Amino acid sequence: MSDAKRDEAANPALRAGDLIDQMFTLWILPHIERSNLDVSRNQIAQAVVILHPNGAPEVLLNDQAELVAKAKVRGAVAVGEPVTTKNVEQVSALRPANVPPSAGWIAFALLPGSGIMVAFDFRYNRDRAAELLDRAQEFLATGCEALASGRIGPSVETALAAGELAITAMASLQNVMHKGRNSHGARQAWLNSYTHVGNGTPDWYKAMRHLLEARPSARYGDPQGRDLPTATELAEFLAHVDDLVQYAIQQAADHDFEDS
């Protein structure tokens, strides 16, 4: 999740006003027109756009746009006592109150005394990604156990499965779905592109490429396949796959109101 107000200092090209203009152009004004709402732009104090992975965006305005904020308050507030704008000294983070984990979102709010804050999280399918990554860790553990027992072939097969599950989870966060369970090439190409632009180490792709090329020998004993890696080589590949899986877990995690 990103907070535009906080990020502006680090990236001058990122302006909350520009993002809000895009929200109005792409979603809010078309929603107002379609719904025949009697409301002008300057009457909208807060808005949430929920970006479902399949289906039209959902636009919520003003009272419908329920938001949760991380705020620093002035003085002590007793338990059960309502917090009002008079109590708030600074708002450091913002998110919608209710968004399904499968959806991305973007929101803004006019904060009395603090200006406008924009926040967004364009990750999709976090629930499905978490399920895939749980299974990836199981395959990875099995691969390490197989290597420790000297079973190189099964270790190659399960290491490859763990890495492919991590890739599938990461791609699903971008709402990219590889059709078919045998789309090894598509997953490899996605990872190559992802690491080529600096999102991760190229060692992930290299390790996954070695594992895929060794798979015919590992699974079927195919004499025309690539030779099986040595135990030392396979241990290195497993370490890279573990790094990939842990990275994917972090990418899919709930970052709401994390310290920064």
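**Figure 1. Buried residues of helix H6 and the helices around them.** In this predicted model, the residues of H6 that are buried are Trp204, Ala207, Met208, Leu211, Leu212, Ala214, Arg215, Ser217 and Ala218. These buried residues pack against three helices, namely H4 (152–173), H5 (184–196) and H7 (231–252).

Figure 2. After H6 comes Gly221, a residue with a positive phi, near 65 degrees.

Figure 3. The largest nonpolar core holds 36 residues, of which Met208, Leu211, Leu234 and Leu244 touch the most other members. Helices H3, H4, H5, H6 and H7 are the elements that each give two or more residues to this core, and H4 gives the most, with 12 residues. Apart from this core lies another, of 19 residues, including Ile20, Trp27, Val49 and Ile106.

**Figure 4. The surroundings of Leu244.** Once neighbours within four places in sequence are left aside, Leu244 is in contact with Gly163, Ala166, Ile167, Met170, Leu191, Trp204 and Met208. Of these partners, Trp204 and Met208 are also among the buried residues of H6.

Figure 5. Leu147 lies in helix H3, which runs over residues 126–148, and Leu147 counts as buried because its relative accessibility is 18%, where the limit for a buried residue is under 20%. With neighbours within four places in sequence set aside, Leu147 is in contact with Ile152, Ser155, Ala231, Leu234, Ala235 and Leu238. Leu147 and Ala235 are 88 residues apart along the chain, and their C-alpha atoms are separated by 7.6 Å.

**Figure 6. Two asparagines with positive phi, Asn62 and Asn125.** Most residues other than glycine have a negative phi. Asn62, by contrast, has a positive phi, near 50 degrees, and Asn125 has a positive phi near 55 degrees. Asn62 is found in the loop between strand E3 (58–61) and strand E4 (67–73), whereas Asn125 lies in the loop between strand E7 (115–121) and helix H3. At 22% relative accessibility Asn62 counts as partly exposed, while Asn125, at 9%, counts as buried.

**Figure 7. The whole protein as the setting for the close-up views.** The secondary structure comes to 7 helices and 7 strands, and from the N terminus on these elements run in the order β-α-α-β-β-β-β-β-β-α-α-α-α-α. Of the 260 residues in the protein, 41% are buried, and the protein exposes about 14300 Å², of which carbon and sulfur atoms supply 50%. Among the contacts with a separation of 6 or more, 59% are between residues 24 or more positions apart.

Key: Residues are numbered from 1 along each chain as its sequence is written. This is a predicted model: local features need pLDDT of at least 70, side-chain atom pairs count only at pLDDT 80 or more; totals for chains, interfaces and linings use all residues. Side-chain values use heavy atoms; hydrogens and water are left out. Helices (H or I, at least four residues) and strands (E, at least two) are DSSP runs, numbered from the N terminus. Buried means under 20% relative accessible area, exposed over 50%, partly exposed in between (1.4 Å probe, protein chains only). Contact means heavy atoms within 4.5 Å. A nonpolar core is a set of buried Ala, Val, Leu, Ile, Met, Phe, Trp, Tyr and Cys residues joined through side-chain atoms within 4.5 Å. Accessible areas come from the Shrake-Rupley method with a 1.4 Å probe; for residues, only the protein chains shown count as cover.
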